[in-house]
Amino acid sequence: MLNGLWLGFFVVAMVSALTQWLVGGNAGIFAAMVESIFAMAKLSVEVMVLLFGTLTLWLGFLRIAEKAGIVDWLAKALGPLFRRLMPEVPAGHPAIGLITLNFAANGLGLDNAATPIGLKAMKALQELNPIPNTATNAQILFLVLNASSLTLLPVTIFMYRAQQGAADPTLVFLPILLATSASTLVGLLSVAVIQRLRLWDPVVLAYLIPGALVLGGFMALLATLSATALAGLSSILGNLTLFGLIMLFLVIGALRKVKVYEAFVEGAKEGFDVAKNLLPYLVAMLCAVGVLRASGALEFGLEGIRHVVAWTGLDTRFVDALPTAMVKPFSGSAARAMLIETMQTQGVDSFAALVAATIQGSTETTFYVLAVYFGSVGIQRARHAVGCALLAEFAGVVAAISVCYWFFG
């Protein structure tokens with residue numbers, strides 16, 4: 001799938017360039033494409049330098065949380081909920097702890113770190129699978145919730161914005177929180193309907209109702225604020241949550257007699273190993289997207305969509321963020337490249353870049369997650385996993401666009 005997507009970028013770029021040369025007489029288009037390839041290769045390395053630091057930093061703190069027992073505590077706290085949502089998983093099964101750790105990594109926006117943990121969780125669930133080539137209800141729910149990308153602290157999005165020179169990298173904190181909540185809720189409800197999960201179970205309601213009330217009350221409070229106040233609140237909460245979480249891990253780790261420095265270094269080494277494998281993918285995708293933009297093909301496609309949106313009477317400013325949304329179901333690296341490219345061409349704090357960052361933080365690579373997670377355990381029949389995951393992703397994109405108009409429109 002990624003082979004076809006990547007090759008397609010270059011083929012479309014070549015067709016567009018030949019058209020501009022032979023029809024429009026623009027012979028300089030090829031020089032612009034070659035220049036874009038080298039510029040994007042350079043940008044890839046610049047982005048990777050900060051990505052090395054970000055992944056190393058947060059996997060180090062995550063290891064402290066793990067050794068301090070925070071992850072185990074979360075697993076126990078969420079155990080009653082998972083036993084209702086995944087009734088075929090026995091109480092105390094290792095899969096619950098791994099799922100919790102995977103959600104923790106996703107919640108921190110560490111999608112690259114969450115993947116290896118998620119693969120371990122899927123293999124643990126596969127041990128309970130009576131039909132090895134067919135996805136169980138528990139595996140489908142885990143995959144859909146994973147694909148809905150519940151991101152509570154999108155540190156990698158903050159990192160990309162910081163690298164591109166944003167005055168306040170955490171400005172999109174609240175928009176992402178609201179959009180990712182919408183995608184996760186839609187994913188959970190769609191699976192619950194098909195699997196006939198008893199969401200009205202008292203234990204499930206005890207988890208869901210307080211969360212819904214808090215989110216609803218929070219949104220009601222936000223509705224009373226101006227756009228300027230919303231942006232300011234998002235900044236304050238983003239930075240406060242980020243540093244508060246670091247201090248929480250350190251304080252609990254110290255109280256639990258964890259050697260926090262040694263634990264941090266141990267986790268940081270794992271983060272370094274994860275990050276160093278990403279450079280080839282980042283170079284490949286950024287160069288392909290750069291060629292697509294330089295050839296004029298990307299702008300031509302967006303212009304067509306813009307005309308259709310304008311014909312309906314809607315505002316067209318979000319259209320420039322759609323490339324991130326369109327490739328996100330297929331490839332995280334391609335979506336990341338589209339996001340960075342949008343920041344470069346439109347401006348890091350432009351409306352399109354803010355929408356693209358919110359989409360990137362609130363949706364997941366559905367087909368990639370499906371292929372990797374199910375492929376790792378030999379599952380061939382995905383059942384309703386794809387439909388539910390795509391519905392959640394669509395809800396995340398719509399919510400991201402709507403929330404950004406609310407906050408920044």
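Reply: Start with Arg317, which forms a salt bridge with Asp315; their closest N and O atoms are 3.0 Å apart. The model is a predicted one, and every distance here is computed from it. Arg317 is partly exposed, as its relative accessible area is 34%. Asp315 is also partly exposed, at 35% relative accessibility.

Arg63 counts as buried because its relative accessibility is 15%, and the limit is under 20%. Glu66, with a relative accessible area of 35%, is partly exposed.

The next pair is Arg306 and Asp320, whose closest N and O atoms are 2.6 Å apart in a salt bridge. Arg306 lies in helix H13 (residues 297-311), while Asp320 is in the loop between H13 and helix H14 (322-327), so the pair ties together parts that are 14 residues apart in sequence. Arg306 is buried, with a relative accessible area of 15%. Asp320 counts as buried too, at 12% relative accessibility. For the model as a whole, the count of salt bridges comes to nine.

Ser183 lies in helix H8, residues 173-195. A polar atom of the Ser183 side chain is 2.9 Å from the backbone oxygen of Thr180. Ser183 is buried because its relative accessible area is 1%, under the 20% limit. Leaving aside neighbours within four places in sequence, Ser183 is in contact with Ser148, Ser362, Ala392, Ala395 and Gly396.

Met86 is found in a loop, the one between helix H3 (70-85) and helix H4 (94-107). The relative accessible area of Met86 is 0%, so this residue is buried. Not counting residues up to four places away in sequence, Met86 touches Ile99, Ala138, Leu141 and Phe142. For one of these, Ala138, the separation from Met86 is 52 residues in sequence, but 5.1 Å in space from C-alpha to C-alpha.

Two other loop residues are exposed. Arg196 lies in the loop between H8 and helix H9 (202-222). The relative accessible area of Arg196 is 74%, and the residue is exposed because that value is over 50%. Phi of Arg196 is near 55°, a positive value in a residue other than glycine. Lys257 is in the loop between helix H10 (227-255) and helix H11 (260-276). Lys257 has a positive phi as well, about 65°, although it is not a glycine. With a relative accessible area of 73%, Lys257 is exposed.

Definitions and conventions: Residues numbered from 1 in each chain as written. Predicted model: local features only at pLDDT ≥ 70, side-chain atom pairs only at ≥ 80, totals over all residues. Heavy atoms only, no water. Helix = DSSP H or I, 4+ residues; strand = E, 2+ residues; numbered from the N terminus. Buried < 20%, exposed > 50% of the residue type's maximum accessible area, 1.4 Å probe, protein only. Polar contact = N/O pair within 3.5 Å; in protein donor to acceptor, adjacent residues only side chain to side chain. Contact = heavy atoms within 4.5 Å. Salt bridge = Lys/Arg side-chain N within 4 Å of Asp/Glu carboxyl O.
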